[in-house]
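Morning, everyone. Please bring up the structure on your screens.

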Protein chains: 2
Amino acid sequence: MSLQPVLIAGQWREAQDPTDTFSATNPAAKSSLPERYPVSGRADVEAALKAAQEAVAALRSRSPEDIAGFLERFADNIEARADELVTQANLETAYPVEPRLRSVELPRTTDQLRQAAAAVRERSWCHATIDTKSNIRSKLGPLGGPVVVFGPNNFPFAFNSAAGGDFAAAIAAGNPVIAKANTGHPGTTKLLTEAAFEAVKSSGLPHGMIQLLYRTPPEVGLELVSHPLVGATGFTGSRPAGLKLKAAADKAGKPIYLEMSSVNPVFVLPGALRERSSEVANDLYASCSLGAGQFCTNPGLAVVPQGKQGETFLEQVKGLFEGNPAGTLLGAGGPGGIAEGIGVLLEHGAELVCGGQELDGPGYSFANTLLRVSGQAFLENPDALQTEAFGTVNLMVFAENTAQMIQIAAHLEGNLTGCIYSHTGGEDDIDYDQIAPILREKVGRLLNDKMPTGVAVVSAMNHGGPFPATGHPGFTAVGILASITRFSALHCFDEVRPHRLPPELRNENPTGRMWRLIDGEWSQGNIEG
Amino acid sequence: MSLQPVLIAGQWREAQDPTDTFSATNPAAKSSLPERYPVSGRADVEAALKAAQEAVAALRSRSPEDIAGFLERFADNIEARADELVTQANLETAYPVEPRLRSVELPRTTDQLRQAAAAVRERSWCHATIDTKSNIRSKLGPLGGPVVVFGPNNFPFAFNSAAGGDFAAAIAAGNPVIAKANTGHPGTTKLLTEAAFEAVKSSGLPHGMIQLLYRTPPEVGLELVSHPLVGATGFTGSRPAGLKLKAAADKAGKPIYLEMSSVNPVFVLPGALRERSSEVANDLYASCSLGAGQFCTNPGLAVVPQGKQGETFLEQVKGLFEGNPAGTLLGAGGPGGIAEGIGVLLEHGAELVCGGQELDGPGYSFANTLLRVSGQAFLENPDALQTEAFGTVNLMVFAENTAQMIQIAAHLEGNLTGCIYSHTGGEDDIDYDQIAPILREKVGRLLNDKMPTGVAVVSAMNHGGPFPATGHPGFTAVGILASITRFSALHCFDEVRPHRLPPELRNENPTGRMWRLIDGEWSQGNIEG
């Protein structure tokens with residue numbers, strides 16, 4: 001059987017020097033899917049970088065309207081091929097077609113692309129800043145090299161390397177993209193790349209703007225992210241893989257944005273338990289089991305007060321974990337990965353409350369798993385007890401008192417999110433006021449009385465957080481406009497003649513509604529002169 | 001003689017475990033200054049980090065007004081001690097008291113501090129972003145750990161680790177600072193730290209907010225920037241030192257902002273030479289010799305057309321280099337460093353036009369040095385021929401034609417600045433339009449018809465650029481507000497109860513004039529609700 005083609009320099013063609021081949025798995029049937037994909041070697045990587053560099057040059061003369069039009073056509077193309085896409089993604093991920101793939105994730109993906117298009121057209125994202133007295137003007141602009149996007153296994157559309165948030169942000173900033181498919185869903189990624197490439201052609205954009213590789217040997221991946229021609233990298237995936245790519249990119253001085261791991265701690269204060277223990281237990285189960293527990297923002301750690309109310313809460317959560325079916329995991333590595341994570345927790349003092357074993361059946365599955373540990377034991381091994389188990393797994397930590405909750409918060413690693421449930425009448429406010437400031441510095445997004453899954457794609461969202469959840473605490477992977485700025489460079493113009501300035505920095509506001517920071521005030525107006 | 005005290009945890013005290021001692025040099029007399037300073041070991045570093053962590057906690061309850069007041073009191077204290085400061089800085093750097101130290105650099109420094117104070121009070125820098133529909137709100141906030149600042153030797157006030165741009169930005173973002181003095185001017189840094197610490201006390205701020213170490217062994221410096229308690233690092237200095245610190249910080253996932261090196265290319269197009277060759281030569285000499293050539297933005301590389309006009313220009317520059325005295329360099333390492341840089345250039349095909357040797361005399365000095373090389377030779381060794389020589393040194397590259405100028409631009413490393421001089425009547429516009437887009441992607445600041453020295457402290461300034469000029473192309477070290485954002489984390493609040501939100505994210509605008517991005521529009525108003 002012939003190998004699936006890569007997309008390089010505007011051609012769907014055979015990989016030039018494949019070092020190996022692979023196929024995707026149908027996780028619902030534990031079977032290999034028929035298509036085989038190449039593992040690309042250096043020749044493909046070099047060819048893609050060269051074509052991307054030509055695209056960088058060609059893009060210099062394109063307008064924001066060209067880019068916005070492409071993003072919208074791409075969204076249209078995705079919708080036109082929705083049946084095919086959800087069928088393929090269902091095969092490769094076992095996520096249900098409804099509602100997850102067709103009604104939730106696919107519309108989220110096209111919405112992100114259209115939000116990016118609107119931002120490109122409106123132009124405020126580029127943060128045009130003008131000092132009229134010195135005639136110094138600056139804005140964010142493209143990086144001068146392509147963005148390499150590594151997508152995760154758990155969002156075949158919304159974080160796909162050829163259609164997801166990093167893709168949309170990188171394109172919106174004016175960069176070409178080299179997509180590295182997640183090996184869990186190469187077929188979905190190929191379909192999305194086809195839809196993207198059709199939009200590239202119908203938009204008259206340079207053909208090297210979107211390219212696709214399915215996989216590389218690890219050492220070639222490291223060369224890719226650190227290559228002199230690369231602009232930056234976006235990566236969503238495991239911490240070990242992310243840290244290796246980060247080391248290579250950092251050494252070469254190439255920006256890399258990573259989303260790697262998070263146990264998303266949830267603090268449940270005593271008053272919240274007194275008031276609505278069973279409601280919070282329902283929230284926790286629902287959030288922890290979403291997508292079979294394979295969300296970046298999955299709540300893997302709960303901190304509760306020890307004693308009768310904590311025990312009741314544990315029993316309530318246990319009842320839900322035991323009384324509901326386990327979901328199908330994304331791949332063959334799922335059950336083993338979860339077992340390994342749980343093994344680390346058990347080795348370091350956690351006790352199993354329920355679950356803990358892989359399940360038999362047609363698909364890959366692991367029992368919903370609840371563990372417990374005392375606050376003191378947690379503080380003796382805080383790092384090991386924050387080991388992520390990527391599934392419906394929660395470790396419940398029983399804190400002796402508020403002081404110990406604060407200690408636990410202080411020993412958390414960087415996380416994407418942190419939640420605090422407290423009494424609605426204010427009975428927990430003294431505790432809250434002591435715990436929240438500590439937790440605040442450990443997480444990107446702090447929530448009250450709700451669980452962290454469900455990441456709204458709005459401008460104020462922070463899907464980011466301190467290391468090792470991500471690589472930098474100042475950036476978000478979700479939320480136009482801020483997500484775009486990651487993939488840009490600050491371009492300053494000092495006494496550059498007016499006709500040579502980019503339109504965004506000329507005296508006349510190019511859209512009549514773009515926001516610009518002029519002499520320290522945000523304005524949609526023109527500069528008199 | 002006793003060692004000068006470090007400032008740790010609010011105490012001017014002896015270093016706890018000095019591994020060595022050092023003294024500063026008077027470069028105008030090639031003599032050691034009398035005071036001796038400790039090289040701090042791990043005990044001082046650990047003590048400083050612990051005290052800084054306590055300051056982080058204490059700062060959580062302080063208002064922007066407290067921070068702004070501190071910055072202004074500090075600026076006042078600097079002015080009150082101006083005589084002492086300029087005397088000491090003159091001793092340690094040989095920079096002239098007038099105009100450089102007293103009338104240029106000191107006012108620039110206090111201006112930066114006051115601009116930072118105004119930004120803190122006004123609060124727009126924190127980029128408050130609110131989505132009212134989802135009730136998600138975010139802003140930039142402190143890092144949760146101190147910022148370590150390594151200042152350079154060439155700006156004893158304006159980039160001083162205890163008073164300069166990185167210091168002001170780190171404090172404005174709400175972080176404590178651990179200043180690591182430049183070993184060229186420890187006495188100046190001690191005086192500035194005294195002025196800062198007096199302002200800390202009179203502002204009622206936590207005493208661990210400002211701390212001072214003079215020097216550490218290299219391995220302890222690496223531990224400092226990668227320490228779990230550190231928030232981030234700001235470094236201005238040499239590329240070898242910067243890259244070592246970067247590797248250590250990157251590995252630990254700690255943000256580090258570096259300004260390392262730049263040859264600041266100047267392209268002089270044929271029409272500009274026809275029109276005003278001698279004027280451009282004067283500009284080049286004046287900029288290249290400013291501060292004895294020891295500016296980060298010193299123009300070290302000029303690209304000119306080969307042929308008669310290029311040769312005439314070379315002669316004009318040569319006349320100025322030869323006809324003017326060389327300045328006094330900052331330290332004993334100056335002449336050797338320049339000789340080494342020039343050596344690399346000569347080894348790789350450059351020819352000496354004038355200068356090239358250390359000068360005798362009371363102070364450290366090196367002859368103004370002009371070199372030349374053909375465009376073709378440059379393109380054969382582009383990396384070596386971009387070696388920085390930190391002094392009044394310029395390498396003039398003679399390009400055969402526009403195509404070669406473009407090639408030269410394409411082979412440039414990342415730089416802080418890039419200049420293009422062109423004919424005022426537009427006769428160079430075809431060349432400009434081909435060269436500028438290439439140069440644009442290689443530099444942070446693109447200039448027309450002016451030299452790069454003289455970095456205006458305005459909001460649109462970019463004192464940054466692609467690696468290896470800095471560590472990240474999206475950030476600037478100069479220019480409030482953007483410089484502040486480097487030292488902050490993105491803090492998102494999701495359904496957090498209104499009274500628990502920071503004032504900047506509540507419905508009511510806390511200052512009545514702070515700019516906030518509300519549902520995609522910048523506004524100074526309140527949110528109805």
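Start with how the two chains relate. The same surface serves both copies, as 100% of the contact residues of chain A recur in chain B. Contact here means that the C-beta atoms of two residues, placed from the backbone, lie within 7 Å.

A word on what you are looking at. This is a predicted model, where local features need pLDDT of at least 70, side-chain atom pairs count only at pLDDT 80 or more, and totals for chains, interfaces and linings use all residues. Residues are numbered from 1 along each chain as its sequence is written, while chains are lettered from A and ligands numbered from 1 in the order in which they are written.

How confident is the predictor? pLDDT is its confidence in each residue, from 0 to 100. Chain A averages a pLDDT of 97, and 100% of its residues score at least 70. For the model, ipTM is 0.98 and pTM is 0.97.

Now the interface. Nonpolar covers Ala, Val, Leu, Ile, Met, Phe, Trp, Tyr, Cys and Pro; charged covers Asp, Glu, Lys and Arg; the others, Gly among them, are polar.

Next, helix packing. Take helix α4 (residues 97-122) and helix α5 (residues 165-172), both of chain A. They pack at an angle of about 15°, with their axes 9 Å apart. Axes are lines fitted to C-alpha atoms, for helices over the stretch in contact, and angles run from 0 to 180 degrees between N-to-C directions. α4(A) and α5(A) are therefore roughly parallel to each other. The cut-offs: under 35 degrees is roughly parallel, over 145 roughly antiparallel, 65 to 115 roughly perpendicular, and the rest oblique. The crossing of α4(A) and α5(A) is right-handed. Right-handed means that the near helix is turned clockwise from the far one by less than a right angle, left-handed that it is turned anticlockwise. On α4(A), the contact is made by A:Gln112, A:Leu113, A:Ala116, A:Ala119 and A:Val120. On α5(A), the contact residues are A:Gly165, A:Ala168, A:Ala169, A:Ile171 and A:Ala172. That contact has eight nonpolar, two polar and no charged residues.

Here is another pair in chain A. Helix α3 (residues 82-93) and helix α6 (residues 186-202) have axes that come within 8 Å and cross at roughly 160°. α3(A) and α6(A) are therefore roughly antiparallel to each other. Their crossing is left-handed. α3(A) brings A:Glu84, A:Leu85, A:Gln88, A:Ala89 and A:Glu92, and α6(A) brings A:Gly187, A:Thr188 and A:Leu191. These divide into three nonpolar, three polar and two charged.

Last, the backbone. Which residues does a cis peptide bond join in chain A? A:Phe467 and A:Pro468, with omega about 5°. A:Pro468 lies in the loop between β20 and α15 (482-485) of chain A. In chain B, a cis peptide bond joins B:Ile480 and B:Leu481, with omega about 20°. B:Leu481 is in the loop between β20 (443-448) and α15 (482-485) of chain B. Finally, A:His127 has a phi near 55°, a positive value in a residue other than glycine. A:His127 sits in the loop between α4 and β7 of chain A.

Technical notes: Helices (H or I, at least four residues) and strands (E, at least two) are DSSP runs, numbered from the N terminus. pLDDT is the predictor's confidence in each residue, from 0 to 100.
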